[in-house]
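Welcome! Please take a moment to look over the sequence and the 3D view before reading on.

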Amino acid sequence: MIEVRNIIKSFDGKQILHDISATFYDGKVNQIIGPSGSGKTVLMKCVIGLHRAEKGEILYDGRDILSMQKNEVKRLRREVGMLFQGAALFDSQTVIENVLFPLEMFSAMTKIEREERAKFCLERVNLYEDKHKLYPSEISGGMQKRVAIARAIALNPKYLFCDEPNSGLDPVTSLVIDKLIKEITQEYNITTIVNTHDMNSIMESGDHILLIREGHKAWEGSRNEIFNSDNQSLQEFVFASDLFKTIKMNSFNKNL
Amino acid sequence: MLMGRTFTRPENRKMVWKQVPVEMVKLGTDSIILVAIISIFMGVIMTMQVVLNTENPLLPRYTTGLMLRDTYLLEFSSTIMCLLLAGKVGSNIASELGSMRVSEQIDALEIMGINSANYLIFPKIMGLVLFMPVLVTLCTGLGLLGGMGVAKFTSLITVDNFVYGLQYAFIPFYFTYSVVKAVFFGFIIASVSSYYGYFASGGAIAVGKASTNAVVKSSILMLLMDIVLTDIMLT
């Protein structure tokens, strides 16, 4: 579980995050949602420690990352996997070398064990032998995201961060990625935090949702509570799309 | 600060050192053709220019070989070659690291708990610095060979005169001076270019800017260092 308490972050004197507190649970897909420029990515980068929050606490199962020494942060990061918006695969390495990389860097496994683990992770995201020797530039965006997931789970992380995993993907591939993230989260009981503004993704895989608006926490709750909430910010964000307005009207008519 | 992070103890020494020969090939071996072509042609041209433009009968003919040798040892094989390498290698390093920064590959390394500066920059610096003596030797050798070609295949100067000039009043320390300078310059090229690439932010324009800055700044720094090293080693 990751708990964020009263986080404040500014850039060049401009405050981006205003006193944000939230809890991200084990075995659940926790989503940070909000319009572009609302501070989602900044919040995620603060939680991971890529940006240093000025005030507050960020507790990884009770361990505050903000009061840790550099070496402790490094050790903690070995429990973290991350899927970047653009996959961030190492383009000089093949698919399997990308997944092998964290294993070679940190694990005490033998060469054969490492290769087996890398193959297992790739097959877990439905990428089989014929793709293993290809370079990232030779595979599609969706496959790159899957390789990035395989790399992220190679060291059995306790925490998984996904920054806009569906950006640049078609709806079908997005669905595949969402399902994978959800399955892996439940299978390994990982604390997963997904940063998204894709409503399909929210309705498909979000278990616990945090809405950020202009750097403030606007709403927090479960997916099921979205349609019943009368929170103004949530209504404006979710029902900006005509499709979701229709869904809400249909559900309202059904109830009548 | 970046150099402090670059030269700290790596998380996995074997993985980092494994990158050194890779970088040596990429930055050093791949530059051999460029260095060879420029060295030979400049050797030929400089020999011809010296012969054609020194008409004073008091100047012995062997002066040509002597001038070519000392020019190569004192400046060409270190300073001029490194200025050329700053263009090729420096822009290569800056654009590679810059692209890794903007495509979040460096962030990915950091998230894994890897000291990205150490993993990415250390092998580049070591690879280039360790390969510089090879390039200096090659540059000097091929330059003098170019001059020898002029003596052999034209009637501008005899081979005997040229070879006598090459051997006349030879100071072996000049070779050491040349290698030491090249090692320093290799460090400047790799570290300055890495700095600009590593801290590039934005998109393609930022990568291009980092690449340009890397070449310009490392060239200026090398020329300043040339004065300092010459003052320390030759005066």
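This is a predicted model: local features need pLDDT of at least 70, side-chain atom pairs count only at pLDDT 80 or more; totals for chains, interfaces and linings use all residues.

**Chain A as a whole**

Let us begin with chain A, which contains 10 helices and 10 strands. Its C-alpha atoms fill a box of roughly 60 × 45 × 30 Å along the principal axes. How does the radius of gyration of chain A, 19 Å, agree with that of a compact globule? A compact globule of 256 residues would have a value near 18 Å, so the 19 Å of chain A agrees. Of these 256 residues, 51% count as buried. Among contacts in chain A with a separation of 6 or more, 66% come from residues 24 or more positions apart.

Setting aside neighbours within four places in sequence, A:Ser233 is in contact with A:Leu211, A:Arg213 and A:Ala218.

**Where the two chains meet**

Now turn to the contact between the chains. Chain A brings 23 residues to it and chain B brings 18 residues. Together they bury about 1800 Å², with 65% of that on carbon and sulfur atoms. On the chain B side, B:Glu104, B:Ile111 and B:Met112 supply 36% of the area that chain B buries against chain A, more than any other three residues.

How many salt bridges cross the interface of chain B and chain A? The rule finds 1. The side chains of A:Arg77 and B:Glu110 meet in a salt bridge, at 4.0 Å from N to O. Between the two chains there are also 4 residue pairs in polar contact. On the side of chain B that touches chain A, α2 (13–28) and α5 (105–111) each supply at least two residues. Helix α5(B) gives the most, with 6 residues. By class, this side of chain B has 8 nonpolar, 5 polar and 5 charged residues.

**Salt bridges within the chains**

Side chains of opposite charge can pair when their charged atoms come close. Over all chains, the structure holds 23 salt bridges. Here are three of them, each within one chain.

| Pair | N to O distance |
|---|---|
| A:Glu79 and A:Arg63 | 2.9 Å |
| B:Glu23 and B:Lys26 | 3.4 Å |
| B:Lys181 and B:Glu75 | 2.9 Å |

In the pair of A:Glu79 and A:Arg63, distant parts of the chain are linked: A:Glu79 is in the loop between α2 (70–77) and β6 (80–83) of chain A, and A:Arg63 is in strand β5 (residues 63–64), 16 residues apart. A:Glu79 is partly exposed at 22% relative accessibility, and A:Arg63 is partly exposed at 30%.

B:Glu23 and B:Lys26 are 3 residues apart in helix α2 of chain B, so about one helical turn separates them. B:Glu23 is buried at 4% relative accessible area, whereas B:Lys26 is partly exposed at 26%.

Finally, B:Lys181 pairs with B:Glu75 in a salt bridge. B:Lys181 lies in helix α8 (residues 173–198) and B:Glu75 in helix α4 (residues 63–102) of chain B, so the pair ties together parts that are 106 residues apart in sequence. B:Lys181 is buried, with a relative accessible area of 0%, while B:Glu75 is partly exposed at 28%. Back in chain A, salt bridges that share partners join A:Asp61, A:Arg63, A:Glu79 and A:Lys158 into one network.

How values were computed:
Residues are numbered from 1 along each chain as its sequence is written. Chains are lettered from A and ligands numbered from 1 in the order in which they are written. Side-chain values use heavy atoms; hydrogens and water are left out. Contact means heavy atoms within 4.5 Å. Buried area is the accessible area (1.4 Å probe) that two parts lose on being put together, summed over both. A polar contact is a pair of N or O atoms within 3.5 Å; within protein, one must be able to donate a hydrogen and the other to accept it, and residues adjacent in sequence count only if both atoms are side-chain atoms. Helices (H or I, at least four residues) and strands (E, at least two) are DSSP runs, numbered from the N terminus. Ala, Val, Leu, Ile, Met, Phe, Trp, Tyr, Cys and Pro count as nonpolar, Asp, Glu, Lys and Arg as charged, and the others, Gly among them, as polar. The radius of gyration is taken over C-alpha atoms; the globule rule is 2.2 Å times the number of residues to the power 0.38. Buried means under 20% relative accessible area, exposed over 50%, partly exposed in between (1.4 Å probe, protein chains only).
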